Amino acid sequence: MNHEAEVRGIGVGMSDDGSNVPAVILSAREEFLPIVITGDQAQAIQLALSGEPFERPLTHDLLVDMVTEFGGAIDSVRIDDLADGTFYAKIDTEQYDSGEPHKFVFDARPSDAIALSVRVDCPILVSDSVLDMAGQPPSRFDVEDDEDDFAR
């Protein structure tokens with residue numbers, strides 16, 4: 001079963017060597033799901049969440065524009081596997097040809113899938129198996145203020 005997830009923000013964790021590690025924090029099934037990402041990926045997601053406009057499109061914005069221009073739509077993203085500490089995602093899309101929808105599924109990094117999702121406001125779905133393996137109780141997270149923003 002898949003559960004719809006919400007992006008709660010970008011958090012910062014601590015690696016084994018003591019350095020800061022950014023993570024996107026999703027909430028689903030009353031659990032938090034931290035997914036470690038790079039600083040660039042964190043910035044791409046944070047910029048989309050803030051709605052901050054740019055003079056020229058960033059990579060994810062460009063991809064959304066191209067998909068739309070070619071008659072396609074991003075329907076949802078799925079985080080549906082976790083193996084050896086690596087999360088896997090899929091982007092569910094469709095394209096209309098002569099009024100008929102044709103569905104396509106693309107493999108993606110979860111960070112890219114999430115960055116696209118927040119731009120087009122489509123659902124993020126997380127499988128039970130991923131939540132069973134990596135979901136965390138919200139009490140394990142330090143929240144910066146009462147708006148549930150995470151420390152950056």
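In this tour, a residue is called buried when its relative accessible area is under 20%, exposed when over 50%, and partly exposed in between (1.4 Å probe, protein chains only).

The structure is a predicted model, in which local features need pLDDT of at least 70 and side-chain atom pairs count only at pLDDT 80 or more, while totals for chains, interfaces and linings use all residues. Residues are numbered from 1 along each chain as its sequence is written, and side-chain values use heavy atoms, with hydrogens and water left out.

**Stop 1: the whole chain**

Colour the model by pLDDT, the predictor's confidence in each residue, from 0 to 100. The chain averages 91, and 94% of the residues score at least 70. Then select residues 146-152, where the pLDDT is below 50. Beyond near neighbours in sequence, this stretch has 22 contacts in the model; a contact means heavy atoms within 4.5 Å.

**Stop 2: R29 and its partners**

Salt bridges are the subject here (a side-chain nitrogen of Lys or Arg within 4 Å of a carboxyl oxygen of Asp or Glu). The side chain of R29 forms one with E31 at 2.7 Å, N to O. E31 is buried, its relative accessible area being 16%, whereas R29 is partly exposed at 30%. A salt bridge also connects R29 with D128, at 2.8 Å, N to O. D128 belongs to helix α4 (residues 128-134), and R29 to the loop between β2 (20-28) and β3 (31-36), so this pair links distant parts of the chain, 99 residues apart. Helices (H or I, at least four residues) and strands (E, at least two) are DSSP runs, numbered from the N terminus. With a relative accessible area of 21%, D128 is partly exposed.

**Stop 3: helices α2 and α3**

Move to R119 and D61, whose side chains meet in a salt bridge of 2.8 Å, N to O. R119 lies in helix α3 (residues 110-120) and D61 in helix α2, so the pair ties together parts that are 58 residues apart in sequence. D61 is partly exposed, at 25%. Now select H60, which is placed in helix α2 (residues 59-69). Is H60 buried or exposed? H60 is buried, with a relative accessible area of 13%. Leaving aside residues up to four places away in sequence, H60 touches A44, D112, A115, L116 and R119.

**Stop 4: strand β7**

Select strand β7 (residues 124-127), which is covered on both faces. I124 and V126 on one side, and L125 and S127 on the other, are all buried. Which way does strand β1 run relative to β7? Strand β1 (residues 2-14) and β7 run antiparallel, joined by four bridges; two strands pair if DSSP finds at least two bridges between them. Strand β4 (residues 72-83) and β7 run parallel and are joined by three bridges. V77 has I124 in β7 as its bridge partner.

**Stop 5: F104**

Finally, select F104 in strand β6 (residues 100-108). F104 is partly exposed, at 36% relative accessibility. Not counting residues up to four places away in sequence, F104 touches I91, D92, T93 and Q95.
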